Each structure stands twice: as structure tokens, then as C-alpha cells.
Amino acid sequence: MTPLTRRLEVVGSAEEIEILRVAFATTDREYVNQHFGSARAFAIFSVGVESSRLLSVCEFSDQTEEDNEDRLPAKIEQLAGCAALYCRACGASAVRQLLAQGIQPVRVTDETSIEELLAALQEELRAGPSSWLAKAIQRQRLGPDVFDSMEAEGWDE
């Protein structure tokens, strides 16, 4: 059973080319204030050099701490296409599962402003992305299955 209770998509045209998508574990769409495993909602944003915009909000049903591990795959599925997930904390098992899907978990202090994090990402894109961000951008450009398809075609390191 999936913990997703609803997913709201923002309709509209993008005025700028999207460079990456990022998600925030949040209850209010203003601050990162949730642990990944027990997050009640994710706000997913499109980020470009000059602008960012809300793409969707995924809301989840109530759950107990014991339910968190079983619900991680369903939560990770909602983050498909995201380069990073900003959260208050993330357990070791969840980190491994996120990284396996090409999603970089980023731990921030409680009540960190989403607006400030988006501005910092945009500044980093303008100045030249850090190692993890450059890899995330490259993964998004190539797609998650690029290496599997290359291997199937006979490519080797």
C-alpha cells in the first residue's frame, strides 16, 4: 500500500530551461522541517540559473515510525527525476536507496528556508557547480539508464 495520499502538479509553461529538479521534505512549503523517512510531504522544484518554480507537492498519509522503512520505496518513487532531496535527517538505509536512484540526500538544519536554498543553488549554478551538483546535472542530461544501455551495447570501462 502506498503512503501517497495526493500529488498536486503545478500547471504552466517554464520560462527558463530547467537545469535540475530538487525536492524538499516540508510541511509548509517554506522551510525544510522533516526527516526523510517520516516526511509528510515533499515540495519539488525546477531550478534554472535565473529562476526556480514549484512543480509539484506530494503528500503522504500518517504513519508510525515502524512503517517508515516499508514506505521508503514509494516515497523514493515520488522523487523520480530529482537530483537532490533536502531534509533534516536521513537514515543510512534511506541514503543508500536514494543514492541508488541517483538522488543526493542533503541534510540541513531544521527550519532552513527553501527560498534561501534555491537561491544558493542558483548562485552555485552561475559560479560553477560543486562536484555532487555537476554529477547530478550530468545524470539528468543523460538519463538514469544511460550506463545500462551503454553496457548492453558492449561498452566497457
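The model is a predicted one.

**Helix 3**

Helix 3 covers residues 114-127, which makes 14 residues. From its first C-alpha to its last it reaches 20 Å, close to the 20 Å expected at 1.5 Å a residue.

Which residues of helix 3 are buried? They are Ile114, Leu117, Leu118, Leu121, Gln122 and Leu125. These residues lie on the same side of helix 3, because they cover an arc of only 135 degrees around the axis. The numbering fits a general rule. An α-helix has 3.6 residues a turn, so residues three or four places apart point the same way. The other side of helix 3 has exposed residues: Glu115, Glu116 and Ala127.

Now look at the two ends. At the start of helix 3, serine 113 has a side-chain oxygen within 3.3 Å of the backbone nitrogen of glutamate 115. After helix 3 comes glycine 128, with a positive phi near 120 degrees.

**The nonpolar cores**

The largest nonpolar core has 20 residues. Within this core, Leu20, Val22, Phe24 and Tyr86 touch the most other members. Several elements give two or more residues to this core: strand 2 (20-25), strand 4 (41-47), strand 6 (84-87), helix 3 and helix 4 (131-142). Which element gives the largest share? Helix 3 does, with 5 residues.

Take leucine 20 as a case. Leave aside its neighbours within four places in sequence. Leucine 20 is then in contact with Phe45, Ser46, Val47, Ala83, Leu125, Leu133, Ile137 and Gln140. One of these contacts, Leu125, is also among the buried residues of helix 3.

There is a second, separate core of 17 residues. Its members include Phe36, Ile44, Cys87 and Leu98.

Is strand 6 covered on one face or both? Both faces are covered. Ala84 and Tyr86 are buried on one side, and Leu85 and Cys87 are buried on the other. Tyr86 is one of the residues that touch the most other members of the largest core, while Cys87 belongs to the second core.

Strand 6 also pairs with two strands, as the table shows.

| Partner of strand 6 | Direction | Bridges | Residues that stand opposite |
|---|---|---|---|
| Strand 2 | parallel | 3 bridges | phenylalanine 24 and tyrosine 86 |
| Strand 7 (residues 104-107) | parallel | 4 bridges | cysteine 87 and arginine 107 |

Key
Residues numbered from 1 in each chain as written. Predicted model: local features only at pLDDT ≥ 70, side-chain atom pairs only at ≥ 80, totals over all residues. Heavy atoms only, no water. Expected span 1.5 Å × (residues − 1). Buried < 20%, exposed > 50% of the residue type's maximum accessible area, 1.4 Å probe, protein only. Arc of directions from axis to C-beta. Polar contact = N/O pair within 3.5 Å; in protein donor to acceptor, adjacent residues only side chain to side chain. Core = buried A, V, L, I, M, F, W, Y, C linked by side-chain atoms within 4.5 Å. Contact = heavy atoms within 4.5 Å. Pairing = 2+ DSSP bridges.
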